[in-house]
Amino acid sequence: MTPVVQVADLRKEYAMGSDRVYALRGVELTVEPSEFLAVMGPSGSGKSTFMHVVGLLDAPSAGSYRFEGGEVSHLSSDARADIRGRRLGFVFQAYNLLPRTSALENVELPMVYAGVPEEDRRRIALAKLEMVGVAQLAQHHPNQMSGGQQQRVAIARSLVNDPGLILADEPTGALDTKSSQEIMRLFARLNENQGITVMLVTHEPDVAAYARRIVTFRDGRITGDAPNDRQAA
Amino acid sequence: MTLTATLRLALAALIRNKTRSVLTMLGIVIGVAAVIVTVAIGVGARTSVAQSINSLGSNLIVIQPGSVTQTGARTGFGGASTLTPDDGLAIAKLSGVAAVSPTVSVRTQVVAGENNWQTIVNGVAPTYTFIRSWPVESGRFFSENEVAGAAKVAVLGQTVAGELFPNGDSPVGQTVIVKGAPFTVIGTLAPLGQSGLGQDQDDTVLIPYTSAMERLTGLTTVSTLMVSAASAGQIDSVTQDATQLLEQRHRIVPPQTDDFQVRDLQAIAQTAAQTGTVMELLLAGVAAVSLIVGGIGIMNIMLVSVTERTREIGLRMAVGARAASILRQFLAESIVLSTIGGLIGVLCGAVGTIAVAALTHWPTSIPPQWILASVAFSAMVGIFFGYYPARQAAQLSPIEALRFE
């Protein structure tokens, strides 16, 4: 099977004032379909930069990145936007739902840009809200929902275009312990039952424990890559 | 994304911020409304001036005596007494002339029984009613025979009739005394209203010009020759021919200046029209300035909106929006904002115009091209002032935008 993510000697450097920052110094990683991967590491280890490059929000300075078999390291920003909209799903720490907009419309948003016909959008969005267990909140606005509920809506949004990879950046960072556990169980269930590939970025071992493979970053390089034998449930 | 989808998205975003959207529109609304009201009043005033100039008589040419120099002092136009009824008869024979009426004007007191009134007594020919398009309301006008015989007959304007016969009795058949001479009233004129210069045109008494010369002025000359050209196209040729003819008849050779002056109302009407055009340009300038101020308001709010919604922009980019989609979205918002503002402005302007017309009884009319122009200009203001903020939004890097606090 074609790997979802295949990076080789991936480098990213940028100027910060007069200094050059080497955020990624030759990263090698392959992610197969249906993997549930946690990326760990302290702040400044390069894990966030790595996620931005993998999520096609940023282009690497050098190296190769094949996403679902195609080389994407030199794509234009428009081409990257198209892949983000159609093949990638994002879940952020701050949920990033549009304010004063219903859960349903929030979930429909990626389909608006992907050009999905209107009559299909509503149906798909409702199905995904159902899948993450908040169908009853379809007409609620974000300020009428708890943090856990908002994050579920955000997860539904990341699922609507049936992406090849979901990138979750500290998805539980703003949640209490109970909600965190529920959200992580949801990710585990989606991965287990639907075979959805998930790449999770976190610095909390408790959260990483839900993944089946843990990759550790330090100083812009991968220093650890091991299966998680004791997956939490 | 389709155009309708973009517009719907823009509308939804504006509805999400109702108060702010309405306040932002206000600049455009007030600008457009002010333009519509001033234009409506301006155009209405111009139309009424044009109407009253036309009411003086279509294709009218007025010939007045020129100035003369008497012992070194030059009198103004009309100071000379050079025009005679025979000049009028000669001009009447020119081709392209429909009618000629000599006019002798005297301001004097008119008495009827116990009532008296100072008015302008005009000695005219029977063609006068045709030249001025001024119909007789009751009774009849005097005939050529009565002119030839210098008959003592008079036709009263509405104002004079009302002042001299306040009981509502018909003046026809009654007698009025003009400068000691009794005149029989044979008719009254239809009301004509104010002239373009604000004069009450109905404040007059018409008598045969021969009677006026004989009994009022004692002169063999007349004050004015009123000439009506057969058509608007012949005004210029009649003006030239009449000038030549009078120069011959008055034996004027080049070094001498004409002792008369020929003017046509078309020229006066043109001057009025030019004044109107200048007014309209001025209004267009005011419109542009007020709409530009409104546009700056829109740009200001759009810039605030882009900053405020940086995270939203980041998210939209993350879920697949291209830079162009973001640009279109914000541009659409400012265009929708300014166009709706323009439409509301037209509506407010129309209501304001109706209110002004009702309160002041000024004639008003809103030309449709101004409505179109205001709305189109509003939309252009939206594009112009919305582009910079929209570009700022589109040029954001998705990572920076997502991280924005």
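**Close-up views of a predicted two-chain model**

View 1. Helices (H or I, at least four residues) and strands (E, at least two) are DSSP runs, numbered from the N terminus. This is a predicted model: local features need pLDDT of at least 70, side-chain atom pairs count only at pLDDT 80 or more, and totals for chains, interfaces and linings use all residues. Residues are numbered from 1 along each chain as its sequence is written, and chains are lettered from A and ligands numbered from 1 in the order in which they are written.

View 2. The arc is that of the directions from the helix axis to the C-beta atoms. A residue is buried if 20 or more other C-beta atoms lie within 10 Å of its own, exposed if 12 or fewer, and partly exposed in between; C-beta atoms are placed from the backbone. An α-helix has 3.6 residues a turn, so residues three or four places apart point the same way.

View 3. Contact requires C-beta atoms, placed from the backbone, within 7 Å.

**View 4. Helix α3(B) and its cover.** In α3 (residues 85–92) of chain B, the buried residues are Pro85(B), Asp87(B), Gly88(B) and Ile91(B). They cover an arc of only 155° around the axis, which puts them on the same side of α3(B). Asp86(B) and Leu89(B) are exposed on the other side. The cover over the buried residues includes β4 (97–112), α7 (209–217), β11 (224–229) and α8 (235–249) of chain B.

**View 5. Where chain B touches chain A.** Here 17 residues of chain B are in contact with 20 residues of chain A. On the chain B side, α1 (3–16), α10 (310–318), α11 (323–360) and α13 (398–403) each supply at least two residues. α10(B) gives the most, with 5 residues. By class, this side has 11 nonpolar, 2 polar and 4 charged residues. Ala, Val, Leu, Ile, Met, Phe, Trp, Tyr, Cys and Pro count as nonpolar, Asp, Glu, Lys and Arg as charged, and the others, Gly among them, as polar. The predictor gives the complex an ipTM of 0.94 and a pTM of 0.70.

**View 6. Confidence along chain B.** pLDDT is the predictor's confidence in each residue, from 0 to 100. Chain B averages 84, and 92% of its residues score at least 70. Among its elements, strand β2 (residues 69–70) has the lowest mean pLDDT (52) and α10(B) the highest (93).

**View 7. Chain B as the setting.** Chain B holds 13 helices and 12 strands. Its C-alpha atoms fill a box of roughly 105 × 60 × 40 Å along the principal axes. Buried residues make up 41% of its 405 residues.

Notes:
Two residues are in contact if their C-beta atoms, placed from the backbone, lie within 7 Å.
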